[in-house]
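Please work through each task before reading its solution.

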Amino acid sequence: MQVNAFGDYLDSYTPEGSPTQEWAPNWTGDASWYLPVTSAMTIDQGNAQIGTGTITVEKSTNAAPGTFVSASLPVTLEAGAWLKVTASGVSGFCATHLVKL
């Protein structure tokens, strides 16, 4: 199944008052969600994962955007890279919350 939805909330702010971005992908079946990285950033877990399933994170580099290696949050990404978030073993519903630091 496909990723059901994700959000890019540009009106979010860090505790210091700086604008940031958030994503909330959710799944009803096993699938991957890809985020293109247009500028260098670090992404971390926001609110806890909910639902039943295992979420894993992989990243690529600018030099090899189609080659992914395992990563853990927080993950630092360079411009031109991709972040791949995969849900597996989903039973019913699974979601996570990611935040750009």
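**Exercise 1.** Is Glu22 buried or exposed, and which side chain of opposite charge is nearest?

*Solution.* The model is predicted: local features need pLDDT of at least 70, side-chain atom pairs count only at pLDDT 80 or more, and totals for chains, interfaces and linings use all residues. Residues are numbered from 1 along each chain as its sequence is written, and side-chain values use heavy atoms, with hydrogens and water left out.

Step 1. Glu22 belongs to strand 4 (residues 22-23); strands (E, at least two residues) are DSSP runs numbered from the N terminus.

Step 2. Glu22 is buried, that is, under 20% relative accessible area (1.4 Å probe, protein chains only), where exposed is over 50% and partly exposed lies in between.

Step 3. Lys and Arg count as positive, Asp and Glu as negative; His and the chain ends are not counted. A salt bridge requires a side-chain nitrogen of Lys or Arg within 4 Å of a carboxyl oxygen of Asp or Glu.

**Exercise 2.** Identify the salt bridge found in the whole structure.

Step 1. Glu58 lies in strand 9 (residues 54-59) and Lys84 in strand 12 (residues 82-88), so the pair ties together parts 26 residues apart in sequence.

Step 2. Glu58 is partly exposed, at 21% relative accessible area, whereas Lys84 is buried, at 16%.

Technical notes. Helices (H or I, at least four residues) and strands (E, at least two) are DSSP runs, numbered from the N terminus.
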